[in-house]
Amino acid sequence: MKTPRITVLTTVYNGEEFLDECITSILNQQFTDYEFLIIDDGSTDHSRSIIQSYNDPRIILVQESRIGRSKAVNAALTMAKGKYVAFLDADDISSPDRLGIQYGVMESNAALDLVGSFCAIINERGLLVDRAYLPTHSLYRLWRLQFQCNFYTSSVMLKKSAAIKAGMFPEELIVAHDYKLFLDMAGAANTHMIPRFLCEYRMYSGRQLTKQYYGRMIEEAVQVSNAALRDCHAALTDAECLEMRPIYWVLERKTVTPDALRALAKIFDGFCKKFAVNDEAASRLATRVAADILKAGITNCDGPLRTRIAIALEQVKGSPWALPTLFSTESLRVINRVFKRTRFHDAALRALYR
């Protein structure tokens with residue numbers, strides 16, 4: 001048989017409720033040169049019979065006996081025959097053009113190891129709840145990746161050889177294994193974010209991994225982020241990481257401290273050194289980071305207003321383009337939000353990200 005260009009990889013454990021929609025969304029892809037590897041990790045519901053009800057030679061069912069998601073994904077990644085591997089959780093949905101668009105992007109740039117996309121957030125009835133507009137600037141996205149995962153796994157396509165070289169998914173992590181792999185794979189210019197909604201990510205109150213293991217998710221994500229931040233500045237303590245992370249991720253703590261805002265300069269220098277960022281790129285990135293510090297200092301920083309204003313003025317003085325950058329990024333965010341639930345959002349995105 002001809003080797004497929006893409007392997008689509010789905011793991012399922014008791015996912016009968018939405019599995020049909022997931023499978024159908026892949027079988028309806030406009031791009032057809034793929035294999036669909038589904039790992040049933042010891043389901044006790046009707047998941048296996050649902051998979052077996054499809055008569056499509058591209059579907060390959062692998063039965064495991066509850067080895068855990070990280071091990072199941074690694075086993076499937078090893079089996080994958082495609083040059084590229086696209087992930088889709090058993091309760092999520094891919095748009096019909098997803099594989100074709102991502103394959104075209106990967107093939108057009110040999111340096112790319114990982115691509116993602118914007119993601120629509122839906123509920124258990126399939127209704128739109130929100131839209132995730134993720135960072136499209138490669139270096140800035142990498143900077144933010146040190147603080148929080150900014151890829152939705154169900155929107156990711158990666159190069160199999162690069163994932164194996166990076167060590168695959170860490171099996172000691174139950175929930176944040178994808179975040180750790182994306183961090184290990186990501187460099188200054190080898191990832192890309194497609195500004196189109198190629199995935200529907202389902203948020204609901206059922207047996208969803210990120211609901212069932214919510215506390216473990218936070219704990220593991222913090223662990224991964226702390227290690228990444230220490231790679232940029234080895235002397236950081238857990239408390240310092242905790243205090244600065246809310247500039248980008250507020251689930252763990254809601255506000256950032258003034259000392260943490262100032263300490264970001266240490267992280268920034270170490271980040272640029274770690275990823276060999278040249279002076280010109282570092283200067284552009286510094287403007288974005290200064291705008292982030294300026295916004296955090298005004299909106300979600302601890303301490304008296306005078307202190308917060310002083311920090312904000314420090315950032316504007318140190319990076320004179322921080323204020324215009326803040327206004328431009330906030331304007332983009334507002335425009336995105338205005339169009340997010342209308343039929344005009346695709347046209348607006350093409351205008352904004354052309």
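Contact here means heavy atoms within 4.5 Å. The structure is a predicted model. In α5, Leu 139, Leu 142 and Trp 143 meet Leu 264, Ile 267, Phe 268 and Phe 271 of α11.

- Helix α5 spans residues 138–145, and because 7 of its 8 residues are buried, the rest of the structure largely encloses it.
- Ser 138, Leu 139, Tyr 140, Arg 141, Leu 142, Trp 143 and Leu 145 are the buried residues of α5.
- The cover over these buried residues includes α7 (177–185), β9 (191–202), α11 (258–274) and α12 (279–299).

**Packing of α5 against α11**

- The axes of α5 and α11 come within 12 Å and cross at roughly 120 degrees.
- Because of that angle, α5 is oblique to α11.
- The α5–α11 crossing is right-handed.
- Classified by residue type, the contact between α5 and α11 has 7 nonpolar residues, with no polar and no charged ones.
- In soluble globular proteins, nonpolar side chains tend to be buried together.

**Nonpolar cores**

- The largest nonpolar core holds 77 residues, of which Trp 143, Leu 158 and Phe 271 touch the most other members.
- A second, separate core has 28 residues, among them Leu 27, Ala 86, Met 106 and Met 157.
- Apart from neighbours within four places in sequence, Leu 158 is in contact with Lys 83, Tyr 84, Val 85, Phe 87, Met 106, Asp 113, Leu 114, Ala 163, Leu 181 and Met 185.

**Phe 87 in strand β4**

- Phe 87 lies in strand β4, which covers residues 84–87.
- With a relative accessibility of 4%, Phe 87 falls under the 20% cut-off and therefore counts as buried.
- Phe 87 and Thr 153 are 66 residues apart along the chain, yet 6.3 Å separates their C-alpha atoms.
- Neighbours within four places in sequence aside, the contacts of Phe 87 include Thr 153, Ser 154, Ser 155 and Val 156, as well as Leu 9, Val 73, Arg 98, Leu 158 and Phe 169.

- Arg 66, a residue other than glycine, has a positive phi near 55 degrees.
- Arg 66 sits in the loop between β3 (59–64) and α3 (69–79), and its relative accessible area of 42% makes it partly exposed.
- Ala 276 likewise is not a glycine and has a positive phi of about 50 degrees.
- The loop between α11 and α12 contains Ala 276, which is exposed with a relative accessible area of 66%.

Conventions
Residues are numbered from 1 along each chain as its sequence is written. This is a predicted model: local features need pLDDT of at least 70, side-chain atom pairs count only at pLDDT 80 or more; totals for chains, interfaces and linings use all residues. Side-chain values use heavy atoms; hydrogens and water are left out. A nonpolar core is a set of buried Ala, Val, Leu, Ile, Met, Phe, Trp, Tyr and Cys residues joined through side-chain atoms within 4.5 Å. Buried means under 20% relative accessible area, exposed over 50%, partly exposed in between (1.4 Å probe, protein chains only). Helices (H or I, at least four residues) and strands (E, at least two) are DSSP runs, numbered from the N terminus. Axes are lines fitted to C-alpha atoms, for helices over the stretch in contact, and angles run from 0 to 180 degrees between N-to-C directions. Angles under 35 degrees count as roughly parallel, over 145 as roughly antiparallel, 65 to 115 as roughly perpendicular and the rest as oblique. A crossing is left-handed if the near helix is turned anticlockwise from the far one by less than a right angle, and right-handed if clockwise. Ala, Val, Leu, Ile, Met, Phe, Trp, Tyr, Cys and Pro count as nonpolar, Asp, Glu, Lys and Arg as charged, and the others, Gly among them, as polar.
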